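The sequence and the structure come first.

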Amino acid sequence: MAQSSTVNGGSTVEECQDMIRRSLRTPMVKFLKEHLEKSGCRIGDNFIKAIHCDKKVSGGYLRGHGIIVCSNYMNIQDEVNQVVIHELIHAYDDCRAANLDWANCAHYACSEIRAGHLSGDCHYKRELLRGYLKIRGHEQECVRRRVMKSMAGSPYCSELASKDAMEAVWDVCYNDTKPFDRAP
């Protein structure tokens with residue numbers, strides 16, 4: 001086994017790449033990949049890759065480059081699965097919306113709302129593990145909190161612009177469940 005050079009436990013790039021391979025076999029990931037391809041976006045073998053990240057993020061999607069999973073912040077398979085699902089939703093949004101502009105705060109907020117809502121990031125069990133104990137209404141509150149956290153890293157959107165954009169697109173984007181029939 002490779003010597004671990006990780007932060008907060010984390011995993012090596014090789015260990016994380018193995019977890020990515022396992023996540024590609026999960027029903028949700030297979031479903032999203034299939035719908036990406038149906039929308040005309042091919043996903044090559046190297047579309048999702050593990051890397052060591054300097055910034056404290058779990059992963060990301062970059063148009064033209066694919067998805068990265070930050071190995072040094074991944075400890076277990078479930079974390080990798082969640083990142084892959086969340087980022088595949090961004091990839092799906094990018095694929096189906098020809099005019100999606102990641103520098104546009106409303107576009108960015110919309111994709112973050114959808115990814116937070118549809119990926120299971122805000123399932124109440126995950127929220128309990130994060131120390132958020134609210135049971136009623138937790139999901140929308142969680143999605144809002146995580147949208148703001150994600151957008152905080154944007155060089156294009158101030159905190160106020162992010163919040164305004166999120167509120168402006170909330171209803172349309174939260175209720176847009178494509179490619180699912182309803183929120184999983």
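## Helix 1 against helix 3

Helix 1 crosses helix 3 with right-handed geometry. On the helix 1 side, the contact is formed by Cys16, Met19, Ile20, Arg22 and Ser23; helix 3 contributes Gln77, Val80, Asn81 and Val84. Sorted by class, the residues in this contact of helix 1 with helix 3 are five nonpolar, three polar and one charged. The model is a predicted one.

Helix 1 covers residues 13-23 and helix 3 covers residues 77-96. Their axes approach to within 9 Å, with a crossing angle of roughly 65°. An angle of 65 to 115 degrees counts as roughly perpendicular, and helix 1 and helix 3 are therefore roughly perpendicular to each other.

## Helix 3 against helix 4

The axes of helix 3 and helix 4 come within 9 Å and cross at roughly 135°. That angle makes helix 3 oblique to helix 4. The crossing of this pair is right-handed.

From helix 3, the residues that meet helix 4 are His86, Ile89, His90, Tyr92, Asp93 and Arg96. Their partners in helix 4 are Ser111, Glu112, Arg114, Ala115, Gly116 and Leu118. The contact of helix 3 with helix 4 consists of four nonpolar, four polar and four charged residues.

## Overall layout

The protein chain contains seven helices and three strands. Read from the N terminus, the order of elements is α-α-β-β-β-α-α-α-α-α.

Of the 184 residues in the protein chain, 45% count as buried. Among contacts between residues at least 6 apart in sequence, 59% join residues at least 24 apart.

## Helix 7 and the segment after it

Helix 7 spans residues 159-174 and has a kink of about 45° centred on Ala168. The buried residues in helix 7 are Ser162, Ala165, Met166, Val169, Trp170, Cys173 and Tyr174. Helix 4 (105-118) and helix 6 (138-151) are among the elements that cover these buried residues.

The segment after helix 7 contains Pro179. The peptide bond leading from Lys178 to Pro179 is cis, with omega near 10°.

## Two loop residues

Ile43 sits in the loop between helix 2 (27-38) and strand 1 (48-51). Its relative accessible area is 10%; since buried means under 20%, Ile43 is buried. Leaving out neighbours within four places in sequence, Ile43 is in contact with Lys33, Leu36, Glu37 and Leu88. Ile43 and Gly66 are 23 residues apart along the chain, and their C-alpha atoms are separated by 8.4 Å.

Ala103 is located in the loop between helix 3 and helix 4. With a relative accessible area of 31%, Ala103 is partly exposed. Not counting residues up to four places away in sequence, Ala103 touches Tyr156 and Cys157. Pro155 lies 52 residues from Ala103 in sequence, and the C-alpha atoms of the two are 8.2 Å apart in space.

Conventions. Residues numbered from 1 in each chain as written. Predicted model: local features only at pLDDT ≥ 70, side-chain atom pairs only at ≥ 80, totals over all residues. Heavy atoms only, no water. Axes fitted to C-alpha atoms, helices over the stretch in contact; angles between N-to-C directions. Helix = DSSP H or I, 4+ residues; strand = E, 2+ residues; numbered from the N terminus. Parallel < 35°, antiparallel > 145°, perpendicular 65-115°, else oblique. Left-handed = near helix turned anticlockwise from the far one by under 90°. Contact = heavy atoms within 4.5 Å. Nonpolar A, V, L, I, M, F, W, Y, C, P; charged D, E, K, R; others polar. Bend = angle between axes of the 7 residues up to and from the residue. Buried < 20%, exposed > 50% of the residue type's maximum accessible area, 1.4 Å probe, protein only.
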